[in-house]
Amino acid sequence: MAAATDRLIFIAGLALGLVVALPLAAGICGTILPALGWFPALGARDVSAVPLQMFLATPGVAGAIMLSLGTGLVATFLSFIASFILVVTLSSFAPMHRLRSIMGPLIAVPHSTIAIGILFLLAPSGWLIRLVSPELTGFVRPPATGLLPDLEQHGLIIALLAKEIPFLCLVSLAALSTQPARQITAIGRSLGYSKDAAMWLLVMPDIYRLIRLPLAAVLVFSVSVVDMSLVLGPGLPPPLAVMVVHGFEDPDLLARLPASAGALLQGGLAVLALAIWRAGEVLISAILTGWRRRGHRTRLPGMARHILSGFAVLPMLAGLLGLIAALLWSFTTSWFFPDALPGSISLAGWARATGLLSALGSSFLAGGAATILATGLCLLVLQSGIAARLGPTLHWMICIPLLLPQISIVTGLQMMLLWTRLDGSWLAMIWIHLLFILPYTWLIMAPAHAGLDHRYDRVAATIGMRRWRRFRVITLPLLAPALITVLFLGMSVSVALYLPSLFAGGGRIATITTEAVALAAGGSRQAAGMAAMLQLVIPLVTFICLQGWFRWRFEKFAGMRGGSLH
Amino acid sequence: MPCRFHPFSFAILASTCMSLCVALVMLVTPAPSTASEHSTASEHSVASGHDFSSVINAATGQTVYFNAWGGDDKINAYIEWASAEVSERFDITLVHVKLGDTGAAVSRILAEKAAGRDTNGSVDLLWVNGANFAALKQHSLLQPAPWVEDLPNWQFTDAAALPALKLDFAEPTGGLESPWGRAQLVFSHDTAITPLPPKNAMTLASYIKEHPGRFTYPLPPDFIGLSFLKQLILELSIDPSPLYAPVSQADFDAVTAPLWIWLEDVTPYLWRGGKSYPANYPALRQLLADAEIDIAMAFNPADASAAIARGELQPTVRTYIHDGGTLANVHFLAIPFNASAADAAKVVANFLLSPAAQIRKADPRIWGDPTVLARHRLDPADKAALDALPRGVATLGEADLTRTLAEPHPSWMPAIEAEWKRRYGSGN
């Protein structure tokens, strides 16, 4: 028995090493060494700060750094505040419960799709201005500056909010369900606090502690976002991560050294953003603690709560409207300013969409394979018991891809793939998707596995059921609700991956997301609209299949009904 | 519990060490010695059909990774058609690798050479011209032997009448890239909004200042964006002759000064104040369709007509060129030195040069890219088919398109790009 366990642990460790440690180590080395000037294949052997100095001499680099940092911090702070406002409102205001049903699907929408929608909605010639022109605005032509003075940055922040508010909201609600919130607010109210004040001062600080990892992931992503910036227009200077991507596209190979330094710098910038966030945490926590100690029984007027909730919902509304705009564009070719709606509906675009369909197939293949492997790996790790032995180290290692900017890993990985001739291969594509899906899989599977009632397993063992059979007949069905969530989330995360697909695909394998970003940056609105709609097909089809299977499989089990996807 | 070596730690340690080794080896591998420069193109007679049939036989079943800029739907659709044709005719799988910037493919081939990957490269056929071709040629990244004049369909071209077939931006092609199409910079405007567009660089400057926010150009290093800058410099220079010699032989600052003065003058009045630029010409065309800007540009004289036919541009859009003429060039197909399927790539290049493929390409309803074939060398039937093609409502006549400017020496392109980035790359 012990030998079997050890063998399982060894297999799990080896798999983790191959899937996680190997690409991470290679990716990080492949970034750091060239950044220090060490790339003998190109004749560069002098370890020095020259590549970094060269990168810092790129025109506009200071502006790019400030832009990335500002965008990331503002977007993360606003999505955090908005999600907490919504959680507090949701916990007490019944009609808001409907919001939950739109937030679930919204977190499955890829970042780039949201960005395409926001572009179609908020550009000077976008849908919003079309809807009110020329009647209200008098515009017969789009204004020189639209609703947003700076579409690149402000549009980016709104797009990030539309994506991250529902994510943080659902994460917070999940955390809330583990807390005795009702009892705590009851105590707070008996002490004379309003219900909201009791939530804000007594419950939410605990929730905050539970969602720090997702928050950090949101912050790191926002500081280093590439796909959304590409869609919302090549502003000057571009965000730092976009500048780095451009560096890697330079025909001059030696330009990769300073570009690697840029990727390293992007990693540093993420750390800086986290440090600033931490400083803000300390500050706000001190203020809040003082507030609580003084015992103010502040009452927010009910109106204020509704107005704030309204503002918190706005970005999501913009995201949804944008998706509708993209849907309309996918069915039209002639839709000239200032018409509020397209004059005619045409399927001509869809008839030519064969190229997009093959990209959709690639996305399904890469996402499906990577998701199944990630889920399998998670189960292996959890069943082997290695998690218990290793504790937090394992957890942090799996979560690294969430806490490092993607660009800092994938550029280094690409150098390794190029050398091993794996670039542009399906192996590389699935591998890199697996690396970025695994953290999400892990964050859901680990608590679900920990919550299993092991007595079922023991009872089965006493009646002589073999280990593998027990796993198949007892553990898997008990994990089914978590499993379908993981499979759905894995597919959603995979279809959204832009940079990893771009670098691993090596141009040979195009996913629907690399296509959508390329078409949105330069291409007809119709084509970009179609690509955006096809991006939604993957989460949608996955959802329907999983939901259907779950209903069919567990129809007769009363206890499982609550566990389906919502 | 006895202290034992943890199997997990071992696995992690082993794989980390392994990956470190891999990374180190990758970085340490020395660059292979540069292969000897290939010989310049020798005179080739038209190869007999028999020679090429052996190429066709060898090509059967091969997969060609065709790296071509993929930013325009109708070009992508044309390549899809070609892919279906070569699959049926020659059993060749043609995969369009859509590039955002051709420079990325050059960089990839260079990286493969640096990594010693002399065979089985990832690019089989590359759509290229100008500075990128010059870079490929300079680094010996192309097929070592000239192959273009061995293509059976080369017979339909007339390089004496169209010297640009053998001279790519003043760089001799050396038989290393097969002509695919012709291009000329044309501007488009909506006659309903801008009845009288400015037709030279000086009046364009005043127009931009009188109509703030209504003009822009694609963000360099986009090909059209850089071409627009070259167009300006050719128009603004009193003596453009230094532009036709390598940039290293000229006083760059003095020659390009008129361009920077012009840009300094108009940039604050550009679309979004010159703080943002569209990514490429289809994005520019979309802005024209949205009436966000007044003037768009393309390297394809039929682009506007095709967009009108598809309903993407207003029917009132027309094209024009500058009075002193506009840049014109030929674009090509090249095969890298390490192509995995060089034979099939040649078959594809030959197919794309065939009258059937060229006539389809010239159809403004399909793509509208002018043919590189010489009318007088075509069969009467093909000639009639070519002449019967509609020109498109917004396309200029042949006579209007005779005012052309030759492309400057390719070395000017990266130099202008670097200086543009230095001045405007930060958006200030």
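Helices α3(A) and α7(A) are oblique to each other (angles under 35 degrees count as roughly parallel, over 145 as roughly antiparallel, 65 to 115 as roughly perpendicular and the rest as oblique). The model is a predicted one, in which local features need pLDDT of at least 70 and side-chain atom pairs count only at pLDDT 80 or more, while totals for chains, interfaces and linings use all residues. Residues are numbered from 1 along each chain as its sequence is written, and chains are lettered from A and ligands numbered from 1 in the order in which they are written.

Helix α3 of chain A covers residues 61-92 and helix α7 of chain A covers residues 151-176 (helices, H or I of at least four residues, and strands, E of at least two, are DSSP runs numbered from the N terminus). Their axes lie 7 Å apart, and the helices pack at an angle of about 40° (axes are lines fitted to C-alpha atoms, for helices over the stretch in contact, with angles from 0 to 180 degrees between N-to-C directions).

The axes of helix α21 (residues 454-462) of chain A and α22(A) cross at roughly 165° and come within 10 Å, so α21(A) and α22(A) are roughly antiparallel to each other. This crossing of α21(A) and α22(A) is right-handed. On the α21(A) side the contact is made by Y456(A), D457(A), A460(A) and A461(A), and on the α22(A) side by R470(A), I474(A), T475(A) and L478(A) (two residues are in contact if their C-beta atoms, placed from the backbone, lie within 7 Å). By class, these residues are 5 nonpolar, 1 polar and 2 charged.

Turning to domains, chain A is assigned domain 1 (1-31 + 351-566) and domain 2 (69-237 + 298-344), with bounds from an automatic or database domain assignment. The C-alpha centres of these two domains of chain A lie 27 Å apart, and their contact takes 27 residues from domain 1 of chain A and 26 residues from domain 2 of chain A. On the side of domain 1 of chain A that touches domain 2 of chain A, α25(A) gives the most, with 10 residues. That side of domain 1 of chain A divides into 19 nonpolar, 7 polar and 1 charged.

Chain B is assigned domain 1 (49-181 + 330-393) and domain 2 (186-328 + 405-424). The contact takes 18 residues from domain 1 of chain B and 17 residues from domain 2 of chain B.

Between the chains, the contact takes 66 residues from chain A and 69 residues from chain B. On the side of chain A that touches chain B, α1(A) gives the most, with 15 residues. This side of chain A divides into 37 nonpolar, 19 polar and 10 charged residues.

As for confidence, chain A has a mean pLDDT of 88, and 96% of its residues reach 70 or more (pLDDT is the predictor's confidence in each residue, from 0 to 100). Among the elements of chain A, the lowest mean pLDDT (78) belongs to helix α4 (residues 97-107) of chain A, and the highest (96) to helix α10 (residues 212-223) of chain A.

Conventions:
Ala, Val, Leu, Ile, Met, Phe, Trp, Tyr, Cys and Pro count as nonpolar, Asp, Glu, Lys and Arg as charged, and the others, Gly among them, as polar. A crossing is left-handed if the near helix is turned anticlockwise from the far one by less than a right angle, and right-handed if clockwise.
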